[in-house]
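The stops below proceed from the whole chain to single residues.

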Amino acid sequence: AQLEVSAILQGAKLQLKGIVPMDAQRRALIELAQGAPDVTAVDAVDLLVRLPPTYTVQEGDTLWDITVKLYGDPARMSALTEANADILTSPEALRVGMELKIPSNQ
């Protein structure tokens, strides 16, 4: 995926800056940076998550998986469920191709 992210190496510290659409991508970039040769520290304070307005359900997705992928916090599942109450009558009603509204991470 094309992400708006930059990495600046300052000595042995790698500073990540930019915006990603999901917490899972943020965590993956940090993990990748931590494994880079000669990097002893990663600063990701300026690597921000800006959630997309919608998410299209993929094969194998569950509400829990989607919540963790987007927010990094399964406790946000109720907010996701409430925002989609019009199409998601129960967690079992989740179907591939459904377009879920994504409440902001505020």
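A residue is called buried under 20% relative accessible area, exposed over 50%, and partly exposed in between, with a 1.4 Å probe and protein chains only. The model is predicted, so local features need pLDDT of at least 70 and side-chain atom pairs count only at pLDDT 80 or more, whereas totals for chains, interfaces and linings use all residues. Residues are numbered from 1 along each chain as its sequence is written, and side-chain values use heavy atoms, leaving out hydrogens and water.

**Whole chain.** Select every residue first. The C-alpha trace spans about 55 × 25 × 25 Å along its principal axes. Of the 106 residues, 31% count as buried. The chain exposes about 6,500 Å², of which carbon and sulfur atoms supply 54%; these areas come from the Shrake-Rupley method with a 1.4 Å probe.

**Secondary structure.** Colour by DSSP runs, where helices (H or I) have at least four residues, strands (E) have at least two, and numbering starts at the N terminus. There are three helices and five strands, in the order β-β-α-β-β-α-α-β from the N terminus on.

Select residues 4–10 and 13–20, which are strand 1 and strand 2; they run antiparallel and are joined by seven bridges. Strands count as paired if DSSP finds at least two bridges between them. Within this pair, Ser6 stands opposite Lys17. Two residues separate the strands of the hairpin, and Gly11 in the turn has a positive phi of about 70 degrees.

**The sheet.** Strand 2 pairs with strand 3 in the parallel sense over seven bridges, and Gly18 stands opposite Leu47. The three strands form an open sheet in the order 1-2-3 with mixed pairing. Strand 1 and strand 3 are at the edges and have a single partner strand each, so one side of each is without a neighbour in the sheet. From one strand to the next the twist averages 10 degrees.

**Helix 1.** Helix 1 lies across strand 1, strand 2 and strand 3, and runs at about 160 degrees to strand 3. Contact here means heavy atoms within 4.5 Å; axes are lines fitted to C-alpha atoms, for helices over the stretch in contact, with angles from 0 to 180 degrees between N-to-C directions.

**The last stop.** Asp38 has a positive phi of about 70 degrees although it is not a glycine. Is Asp38 buried or exposed? Asp38 counts as exposed because its relative accessibility is 68%.
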